[in-house]
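Please look through the sequence and the model below before reading on.

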Amino acid sequence: MSVETQRAAEIAADSKTARWKYLEQIRRNPGPFTNPEAVEEEFLAQFERFKILGAGGLGCEILKNLAMSKFKDIHVIDMDTIDISNLNRQFLFRKSDVGKFKAEVAAKFVEKRVKGVKITAHNKRIQDFDDEFYKQFQLVICGLDSIEARRWINAMLVSIAEESEDPDGVKPLIDGGTEGFKGQARVIFPSFTSCIECQLDMHAPRAAVPLCTIASIPRQPEHCVEWAHVIAWEQEKPFPTLDKDDPEHVTWIYQKALKRAEEFNIPGISYALTQGTIKNIIPAIASTNAIIAAACCNEAFKIATTTATCLGFENNYMMYSGNDSIYTYTFKHEKKEDCPVCGREARPLEVDPNMTLQDLLDSFAVRPEAQLKKPSIRAEGKTLYMQVPQSLEEQTRPNLSKSLNELGLENGQEVVVTDPAFPLEFNFYFKFKAEGS
Amino acid sequence: MTEALEQTPLIPRGPSDKEKKYDRQLRLWAASGQAALESANLLLINSGAGTAGVETLKNLVLPGIGKFTIADDAVVQDVDLGVNFFLDESCLGKSRAQCCTELLLELNPEVDGVWNSTDSASLQQLLDASEAFTMIIYSLPLQPGMLEAIEAYGRQHRTPLVAIHSVGFYSYFRITLPGTFPIVDTHPDETATTDLRLLAPWPELSAFSNEMTKDIDNLDHHEHGHLPMVVILLHYLDVWKQEHDGAYPTSYEEKTEFRQLISNATRRDNPEGGEENFDEAFAAVMKHVSLPPVPSSLKQVFDYEHKDEQESKSSFWIIAEALKQFYTEHQCLPVTGSLPDMKAQSSVYIKLQNVYKDKARQDVNDVLARVHKLSGGENIRLAEVELFCKNARFIKLINTTGDAPPSMTEIIELELGRDEIAAIAGPEVPTSLIPIYLALSASSHASAASADEIITAVCQKAPALEGNERLTQVAQELSRAAGGELHNISAVIGGMVAQEVIKIITNQYVPIENTCIFDGIESRCQVLRL
């Protein structure tokens, strides 16, 4: 090596050290909340190899924050393409990027801006990967926008943790979500601490409007939109399949809803309301996403470096609200022993023995503790109803109209419920309601 | 949100490109909030590592703030690249203000941004030469002399100021408002806003209800099962009154008894074996069979004494005066006009909704007439009075002048007292974050200090903290960061400051009063009035 190149290499090394001065200051000088091992050379070196996975709508913020936390090997999963309505907050995207894959554009941008970080983009759904894929990471951090996706990744990481013999199998899951000026960040140590399934009742599904209201007695603008969306669309089929992002399709629904609203003298229909209702749009702003994503990445940094106490084993959940002043509530959500994912006990299911199997299956969609849309159910030694395969579906269909009594099911009966959306079984036991209550 | 959605255009039209881009935020602060943001002019005076300030601006450029200026005399160094995302290697050796401005402007072509390599000597020049700033954000530590210039500008131009300080895992920001800050559009939870006036029905509402229920027992199942919950309650309240010498059910026991009356009136011999509308009425008794009290926040508005002549002439205070007159005369607030959804025939529900809306309009016109009679109220628009009446119960005053915050000594005493309770109560009661604020403020003019230096400086101002274990920990934790920012912490605080700036500029939602402390180790905040 010549003197010049050696000198250049030294300058480069110096500038690299200088770049991370503030962060290294924290990593190398233990404070009152630092794990003593944090400053051992071996541990410090491990951080350089830390492999981390990010996913979901907070992706831009998460990638920026992870790269600025000196994580070097980051993967990102997102199947979405960029929409114009993302530009008010997903700050790595420009108008010219509309239509491109989010994961790809975001990864390229951050790799270019922050030297030395490697970001691998996957333009896919999280459900497209198996346990072998997820096992390569040490930590997963996500801001997914659907509860289904959250439950799926949670179940995946819990099953990896439970099957694993050594502590490396426990891959902390950090989850963030926002709505308007509010949000939450939580940390899960799969199989050890309260998991997303344990906390499912924090996301109770919205009460659906009864179909008869939509069909015959609308009172609100949303009822008219739902009528146009569900009933008029089915009858008239103006386009082969409904694309809720296609302005032409939304306009069709909007105009139908407007006509129906005029008929019933219902005020308040607009394009924005139509789109908001059919897509179930949740307001989202840059500042709230910044708060929640950074709170999540701060936890990832603390877990990976042990430079300070992280959320997880004691407090594990932070709620944030900025509507009325600023309010945070940081608390410990307890693990549930009867959690279908990380618990070991079957859960009680209060049922009326006279209800039909169909009613029971329908109720799984709205019970806050279940929220299953396509349930199949079996009791010990007895298949009650299966959605797939078709032959089994046909064979078990007659059971749907029978009552639980007629099917010979008893109080205390254990049943297993499955749903194609989740890679797990839900164990329940029947608790019969007393007559007349 | 409702205003944005209620503007039904005559000709169906899709959204413009701008409405599409801003759709997710227009659902929060509507076109009026957006217009306020777009006409705002912000100044960021940056220092230290400067990340928190730039992260704040990022969150304001994206939603489309009108214009920003960055004043910062630093030249970009390697260390900046490890903490500030809005710089890259090509920026080394250049003006940090310039580089951050350029990279921030990429985020939104609709935003204007300029930069200035201001030091303490030229800050005054910048302040004098620029068009009026809507708000000034500055990050600590500042060069000596700068703070005085900023505060003087704030007083003179009545400009809200925000100070940010972020070091290691700790951070705080503090807002200085120029005077009492009233908010009308506070966006309360929708469930809190319902006011059905069941115990004070006006003649049209009573007539509507009586007409529907005059033959209630002979209605067929369909009609009986579609009586709106409001009508059911009004009818049985009349029945109750007749049996109770004209008195309404008020105590918990009476309401429980009244609820039983509703339950008994529910038909169960129909094919459904019950009635949804009666179930709704049953469920509404505890919440809606009551006179909503005038909340203390509105009383504060009514009883407010102006210290400032100029302030009392604003439209807010003129409408407040008219509303007070209305309340004094009628002993109730204007009807809001909103009616929650309830089981009913479409046409009946719409008629009932119009009974509420007509009354709301009448009340607004009553208040408007009073507004017009007050000096300075001649030109106040109907829309403003409407919003005021609709939100009357949720109007709030922030930073009321004349009601001075307690002294730091008193606050510390109070907070330490709470900590003693927390120590007994266990982890459910969080400890005070005031040591973080004090430790950060003790180093607001110097970037690095030893733990002992921090403790000594804090205890000079707050002797009560002498020997406090929590302060020792905080000082040690702060000291090890040597004045450096951690990106995540500055990003959290940058998000919070941006939310607050939006709330102040749009005059919607409720800003903090006035200091927010963030502990990135325990992941929680505390808001204190200091």
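Which residues of chain A does the UniProt annotation "domain: E2 binding" cover? According to that record, which is an unreviewed entry, the annotation covers residues 349–433 of chain A. In this predicted model, the end C-alpha atoms of residues 349–433 of chain A lie 10 Å apart, and the span is 20% helix and 28% strand.

As to confidence, the predictor assigns the complex an ipTM of 0.94 together with a pTM of 0.92. For chain B the average pLDDT is 92, with 96% of the residues scoring at least 70. Residues 1–10 of chain B, however, have a pLDDT that stays under 50, and for this stretch the model has 20 contacts beyond four places in sequence.

Chain B is divided into domain 1, which is made up of residues 28–183 and 487–528, domain 2 (196–288), domain 3 (296–398) and domain 4 (408–481). Taken over C-alpha atoms, the centres of domain 1 and domain 2 of chain B are separated by 55 Å.

The crossing of α12(B) and α13(B) is right-handed. On the α12(B) side, Ile232(B), Tyr236(B) and Trp240(B) meet Phe258(B), Leu261(B), Ile262(B) and Ala265(B) of α13(B). Sorted by class, this contact between α12(B) and α13(B) has seven nonpolar residues, with no polar and no charged ones.

How values were computed:
Residues numbered from 1 in each chain as written. Chains lettered and ligands numbered in written order. Predicted model: local features only at pLDDT ≥ 70, side-chain atom pairs only at ≥ 80, totals over all residues. Left-handed = near helix turned anticlockwise from the far one by under 90°. Helix = DSSP H or I, 4+ residues; strand = E, 2+ residues; numbered from the N terminus. Contact = placed C-beta atoms within 7 Å. Nonpolar A, V, L, I, M, F, W, Y, C, P; charged D, E, K, R; others polar. UniProt positions renumbered as here; feature names shortened; annotations may be inferred. pLDDT = per-residue confidence, 0-100. Domains from an automatic or database assignment.
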